[in-house]
Amino acid sequence: MKEEEIYEMIPSYLAGELSEEEARMVERALESSRWLRHELERYERLFVLLSAAAAQEIEPPWDLEVRIRAQVAMRAYLKAAFEIVEGLAGNYGRALIYYLGLS
């Protein structure tokens with residue numbers, strides 16, 4: 001079997017999803033190929049990282065929804081205010097908005 005075919009089997013090998021015969025075939029290939037051993041190590045590190053990430057409980061801040069709603073509302077209010085200022089003050093209003101860094 002070619003190295004590329006064995007390489008494709010490495011994730012299944014690490015997950016214990018191969019038959020005994022397939023696992024032995026991968027092990028024999030690993031013994032004779034530095035590249036495959038290196039790739040096996042990379043997959044092992046990836047599996048460790050993914051397992052650690054899956055074990056973490058990610059909890060959003062308690063006020064996240066409130067903050068998002070406030071930000072959306074503020075943007076809507078500011079957009080409406082900018083449109084009014086632009087209409088009332090024309091170029092001067094646009095310059096003021098730009099100068100204040102609000103655009």
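Good morning. I begin with Tyr7, which is partly exposed at a relative accessible area of 23%; that term covers values between buried, under 20%, and exposed, over 50%, computed with a 1.4 Å probe on protein chains only. The model is predicted, so local features need pLDDT of at least 70 and side-chain atom pairs count only at pLDDT 80 or more, while totals for chains, interfaces and linings use all residues. Residues are numbered from 1 along each chain as its sequence is written, and side-chain values use heavy atoms, without hydrogens and water.

Rings of Phe, Tyr and Trp (its six-membered ring) pair if their centres lie within 6.5 Å; planes under 30 degrees apart are stacked, over 60 edge-to-face, and the rest tilted. That rule gives two aromatic pairs. In one of them, Tyr7 and Tyr43 are tilted, 6.0 Å centre to centre with 55° between the planes. This pair joins helix α1, which holds Tyr7, to helix α3, which holds Tyr43, 36 residues apart. Tyr7, Trp35 and Tyr43 make up one aromatic cluster.

I turn now to helix α2. Helices are DSSP runs (H or I, at least four residues), numbered from the N terminus. Which residues of α2 are buried? They are Ala23, Val26, Ala29 and Leu30. These residues lie on the same side of α2 because they cover an arc of only 125° around the axis, taken from the directions from the helix axis to the C-beta atoms. The buried residues pack against α1 (3-15) and α3 (34-55), where contact means heavy atoms within 4.5 Å. The face turned away from the buried side carries exposed Glu20, Glu21, Arg28, Glu31 and Ser32.

Methods:
Helix = DSSP H or I, 4+ residues; strand = E, 2+ residues; numbered from the N terminus.
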